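Please read the points below with the model open beside you. They are set out for someone who has not seen it before.

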Amino acid sequence: MADDGFDWENMMMDVEDAAAMGDGIEAADEVSLSSKLNKSPDEIDRYTVDENFSESERLVWILKHGYTIQKCSVISSGIVRMLAESTDEFQKTVLPVILERVAGEPVAFQKACAKFFLDCGIQFVTGKMLQTLLGVSKKLLDSKDHTVSELWAEVYLQSIQYIPAETILGQVLPEALIDGGLAQPAPIRIWCGRVLGAVSTRLDSKKIEDLYLHKALALCQDTDYDVRRSMCNQLQMIAKALGPKIAKEYLIPEYVELLVDEEPVVRNAAVESLVSLLDFFDPETRSSTLIPMWKKLADDKSPQSVLLIAKHFGQFLWQTKNELSDVDKRYFLAIYQSMCVSDSTEVLEHCAHNFPAVVLVYKPTSFDQLKLEKLLDLMATHESPTVRRKIAAGFHELAALLKTHSFKALKETYVKILRSNDEQSLMYIFGNFETLLKHFVSDESVKSGYDLLLGSLVQLERDAQTECSQWRLRLSIIKAFGLLPDFIDTDRVYEECVPVLIRALGDNVPVPVKTKIIEILVSWLKKLKRIEYREGLLKQLIELREERSYQQRILFLDICENVLSKFSKKFFREHFFHHYLVFSRDAVPNVRLRFVGLLPTVRKTLRVPQDTQYVQKLIDSIEPLITKDGASDVMAAVNHLLAKYGPLDGNFSFKNNQEDLFGIDFQPRQSVVQRSPSSASLTDSYLFHNEEKLELCNDKTDKQREEEEQKLAFEPSAPDWNMKRRELHDQRQEFHRKFGDVGKKPGQQSARKPTEIPPIKTKGKRERTVGLTTLADKKEQGSSQIPLPGSAGRRPSVTPKLKDRHDDGESQSPLTPHFANNSITNSEIKQLEADLLSASVSKQSSVVQLPKVPTKPTKPKQMDKQADK
């Protein structure tokens, strides 16, 4: 804050006083301390703004009576708001006060005003106020603060672009010529040159030649090298105002002398000025004058001259390529080769930066003939990391120039850059990997180099797991994998890249990297050509739902979100909907919360009445989350969602049983028309206010996606055995709840709890239960009962989650041992599957008919009588 020049002594107590107060705070007089910390009523009245003031009156009052920090706030924000509303009011009331008081204000206020005028304020200053602004700027040029002086000098020079030509000829130019006298100090003469350059943009060539061209040429020969250096920067504007013909006659001789000036800063400024004018001069001037000047400069082997040539070598070659003869090209190529073996790192950096321009001028077809690959290899393997990074930054440009010969010419250098382990170089390579890969594939020799491309990329990803310190670099590498199916055979992509990405999902990497991996894998479901590869990848993605880590299971919900955005709604219903419902009963609240977050998007994929069964399953899955979930944030999220968008079936017909169904006292919005389930559609009340947020495709696009997916020929994914087992358990619970006490005498307790289901005994000592949430009776026949994996510690009324495949033992359905021990055939298994599916969707009968488990006739099993009943 000290740099801003605020007069903090007037705004608050001195630091020394504060320190003294801190040392003796206990013994200080409370009245004295209060007088310093609190303002008196007179002071408060002095700095209180009248509420009846208009916006302009308030700004003017603060500019006249406020603190410096308040005045700076007015300049930086208050005036900007005022200009957006009325520029006339600003010019009449506020601008005169600023110009009147700025010269006597503190440095901080002077800086704020200068920045305001430079950013947007000069164009709003007109008429006499512009003349006043010139006078104020000229006065502040003599400020003791160097920053203030420079800022207001820029305000003065920019104001020249808006003032009338008569003012320039009558006031600005005469004052500048006086400042350029030899008796004036060097800073004043430098100021004269800057004004002459700014005035050149407002006057024609005739007036420039008559009025001050001789003065500008004299300043180029000034005895002070700072004046000569400053004039090199002004010659560009003067030359463009004079025109090529007059500039060649008067200015070229000055450039010749400035290029051989004894001071390096002057030569550097002259070279930069001349390079910017290469396209300004005509071809004859370039070939007869400028090219010989560059040769003469290149013959000087001094380090300063070599650095100048190396810095501007590429731009010079490009601007003069049509005028260079074969002799000139060989000469400058030899100069470039000598600079590439220089001991100066700075020279090598410029050579590496200009290498694509050299290839372009000397024709890409001559890349091998001129042995440019040796120079490229030399700089790509240089010990200086800055030189290697310059090559990596322009590597895609080289591939674009070499085109069909890019892979053959650049493959060795490409591998060396990847093996350099320089993270910044790799960021440059993978930042333009698409362009690089596009031109590599166009080379016929790449057919034998796919192993090199894929192998280097896979190896780099494996090394990044342990050696990469920047997650953004690894993200760039992962993005490069996503480009491969567009250029390389998808069979190789599946065999070599999919395992790498699947493995990376289990690594401890940042979330953006995993999100990008999922996005790529989901997109590959369409890009892979072979159906078995597409189905294999789909299976691997679905398997993430059974991971032991809850973070991995959340990744499956991210997959669902990506599928919803890239595939049709039908594809999601067939392959992911049933797996998505499983997460409503996950043991981790964060997973259930993520499940709730996707609920509106999933609901939008369903149509009523076509998908009534799916909607009902969705309602059943969230019913325990509304009132019975153990996590308050999950319950709050579900209830908030239902209160905002309405019931999932898209109507407001629930009356008496509404609270029982949703667990909340839901009040429907008055603006939504009540509809029956049969008339509800994709734009029902549940989705009406969520259309833009969900960003799903419209019906036409969804139809196109369905047609594309039919060509891919995915096999529909039916619910697995765990899903069937859960549905069977729910049906049995419903059966015992309704009919478990039939025939029971009054006061007699039920033989079994409603939530218990008799175990299915298997061969051997161990028994498994079907859908149990509590332990069965362990005393029956002395056998031990095994609870369903994941049921421990969960609510009794909620079906337990699936067993993670990383748990001890194999994850298998409780029916699996029974089938194995009784040698059930495949046809019987299919029949049981069909019975389970039909029972899960049957809602017409009040009594749920459960399918009988097939057993081997020769070895019948003893089932529980209550279960048979």
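1. Gln-91 has 24% relative accessibility and therefore counts as partly exposed (buried means under 20% relative accessible area, exposed over 50%, partly exposed in between, with a 1.4 Å probe and protein chains only). Gln-91 lies in helix H7, residues 87-101; helices (H or I, at least four residues) and strands (E, at least two) are DSSP runs, numbered from the N terminus. Setting aside neighbours within four places in sequence, Gln-91 is in contact with Pro-96, Phe-124 and Thr-126, where contact means heavy atoms within 4.5 Å. The C-alpha atoms of Gln-91 and Thr-126 are separated by 8.3 Å, and the two residues are 35 apart along the chain.

2. A word on the basis of these values. This is a predicted model, in which local features need pLDDT of at least 70 and side-chain atom pairs count only at pLDDT 80 or more, while totals for chains, interfaces and linings use all residues. Residues are numbered from 1 along each chain as its sequence is written, and side-chain values use heavy atoms, with hydrogens and water left out.

3. For the protein as a whole, the secondary structure comes to 48 helices and two strands. Of its 869 residues, 46% count as buried. Among contacts between residues at least 6 apart in sequence, 67% join residues at least 24 apart.

4. The largest nonpolar core has 218 residues; such a core is a set of buried Ala, Val, Leu, Ile, Met, Phe, Trp, Tyr and Cys residues joined through side-chain atoms within 4.5 Å. Phe-117 and Trp-152 have the most contacts inside this core. Apart from neighbours within four places in sequence, the residues that Phe-117 contacts include Leu-95, Ile-98, Leu-99 and Trp-152.

5. How do H24 and H27 lie relative to each other? The axes of helix H24 (residues 385-393) and helix H27 (residues 423-431) come within 8 Å and cross at roughly 5°. Axes are lines fitted to C-alpha atoms, for helices over the stretch in contact, and angles run from 0 to 180 degrees between N-to-C directions. H24 and H27 are therefore roughly parallel (angles under 35 degrees count as roughly parallel, over 145 as roughly antiparallel, 65 to 115 as roughly perpendicular and the rest as oblique). Arg-388, Arg-389, Ala-392 and Ala-393 in H24 meet Gln-424, Ser-425, Tyr-428 and Ile-429 in H27. These contact residues divide into four nonpolar, two polar and two charged; Ala, Val, Leu, Ile, Met, Phe, Trp, Tyr, Cys and Pro count as nonpolar, Asp, Glu, Lys and Arg as charged, and the others, Gly among them, as polar.

6. Helix H32 (residues 498-505) and helix H33 (residues 511-527) have axes that come within 10 Å and cross at roughly 145°. On the H32 side the contact is made by Val-498, Leu-501, Ile-502, Ala-504 and Leu-505, and on the H33 side by Lys-514, Ile-517, Ile-518, Ile-520, Leu-521 and Trp-524. By class, this contact has ten nonpolar, no polar and one charged residues.

7. Most residues other than glycine have a negative phi. Lys-371, in the loop between helix H22 (355-361) and helix H23 (372-380), has a positive phi, near 60°. Lys-371 counts as partly exposed, at 47% relative accessibility. Lys-403 also has a positive phi, near 55°, and is found in the loop between helix H25 (395-402) and helix H26 (406-419).
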